[in-house]
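Subject: Structure for you to look at

Hello,

Here is the structure I said I would pass on. Please open it next to this message and follow the notes below.

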Amino acid sequence: MLSTSLFDYTLPEELIAQYPTERRDGSRMMVLDRRSGAFKILPFPAIRDYLEAGDALIYNDTRVLRGRMYARRDGDPAGAKFELLLVEALDPERRRWNVLLRPGRRARCGTRAVLLDHSGELNADGDSFTVEGRNSDGSFRVEFSSADSDRLQMRYGHIPLPPYISRGDETADSERYQTVYAEKAGAVAAPTAGLHFTPEILADIAAKGVREAAVTLHVGPGTFKPVSVENAEEHQMHSEEYFLTPATAELVNATHRAGKRVLAVGTTTVRVLESCAAEDGTVVPGHGKTEIFLYPPRKIRAVDMLLTNFHLPKSTLLMLVSCFCDREKVLAAYAAAIEAKMRFYSYGDCMLLI
């Protein structure tokens, strides 16, 4: 049995970052030696010094949907609002979606709701959605009145900031809650370890002879789901769609054949590579949905270094990090980060495990 309480810690609320730093590369980075547990705290741009020619940097190029929308039941303009979160398109036209919907008790099959614009008013064009049914996991199937999903998101959608950010989204979040290499829309949350990179830092790393490539994992709402059972091994892991191209798989394999290192930017990148890895660490390209749950004493096979933000207590992501480095060393580093008043979670500082 792996006790969930082993991954608990106490975080002062004031260390939960509510806004990004003024500069994208303005965060601090704790560098943690996986073997000794020794650490140092440096400015994020120092990541350049930990990579060398022949290494590979692999990141997740998913893009966050403007997927939080508000609506009112048709014919009830003064009634309670619905809050909708896009999760997954169900058809190529992207007209039908799996969504999270609150309050769910009001969302019966056939319920039609009119979308609210960014000023909170009913739209004049009749853009709406209709509830088709409820899924076994509590999410809903809806159909929008328009198949132009991009237009609906731009006109009515909000950036879905995580639940521990206690404010609504603002104009700046449209840029800052996306990585500079975000390309493939489909995530409900950002792969936050990548938020620190600027084009200039990536160019400097490439100039050193470090090769870059992308995986795609569309982060789902389950990423925020806490482990609620005492035996972590009984936790039901959420499923997320991933893509690993032949070119990225070959770069990972060629890097290891040459005796060089693979740096995964974020736990989502690790989830993709480990989902596609053989026992010897060789990865094969693929596309599917992964429910992989990585926790100690499992060892990571396809990745040598990890850049990651600081994670919630008792979370699957903190357990994943503890596959790279002994749990005791990770929690000691977290305690030191708290002592140093580092910033936590999505808009916070980061950790480089070497």
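Setting aside neighbours within four places in sequence, His-158 is in contact with Leu-65, Arg-66, Gly-67, Arg-68, Tyr-70, His-118 and Asp-169. Please keep in mind that this is a predicted model.

His-158 sits in the loop that runs between α1 (149-156) and α2 (173-176). Is His-158 buried or exposed? Its relative accessible area is 15%, and buried means under 20%, so His-158 is buried. One of its contacts is polar: the side chain of His-158 meets the side chain of Asp-169 at 3.0 Å.

A polar atom of its side chain lies 2.9 Å from the backbone oxygen of Val-64. Val-64 is also among the residues that Gln-178 touches, along with Arg-24, Arg-63, Ile-159 and Leu-195; residues up to four places away in sequence are not counted here.

Next, the sheet. Strands of a sheet pair through backbone hydrogen bonds, and the pairing can be parallel or antiparallel. In this model, six strands close into a barrel, in the order β5-β6-β7-β10-β9-β8, with antiparallel pairing. On average, neighbouring strands of this sheet are turned by 45° against each other, ignoring direction.

Which strand pairs with β5 (residues 68-73) over three bridges? It is β8 (residues 112-115), and the two run in the antiparallel sense. Within this pair, Ala-71 stands opposite Leu-115 of β8. Helix α1 packs on the sheet, where it touches β5, β6 (81-89), β7 (96-102), β8 and β10 (140-144). The direction of α1 makes about 85° with that of β5.

The last item is a pair of helices. Helix α5 (residues 267-275) packs against helix α6 (residues 316-324) at an angle of about 65°, and their axes are 11 Å apart. Angles of 65 to 115 degrees count as roughly perpendicular, so α5 is roughly perpendicular to α6. The crossing of α5 past α6 is left-handed. Which residues meet there? From α5 they are Thr-267, Val-270 and Arg-271, and from α6 they are Leu-317, Leu-320, Val-321 and Phe-324.

Regards

Methods: Residues numbered from 1 in each chain as written. Predicted model: local features only at pLDDT ≥ 70, side-chain atom pairs only at ≥ 80, totals over all residues. Heavy atoms only, no water. Helix = DSSP H or I, 4+ residues; strand = E, 2+ residues; numbered from the N terminus. Buried < 20%, exposed > 50% of the residue type's maximum accessible area, 1.4 Å probe, protein only. Polar contact = N/O pair within 3.5 Å; in protein donor to acceptor, adjacent residues only side chain to side chain. Contact = heavy atoms within 4.5 Å. Pairing = 2+ DSSP bridges. Axes fitted to C-alpha atoms, helices over the stretch in contact; angles between N-to-C directions. Parallel < 35°, antiparallel > 145°, perpendicular 65-115°, else oblique. Left-handed = near helix turned anticlockwise from the far one by under 90°.
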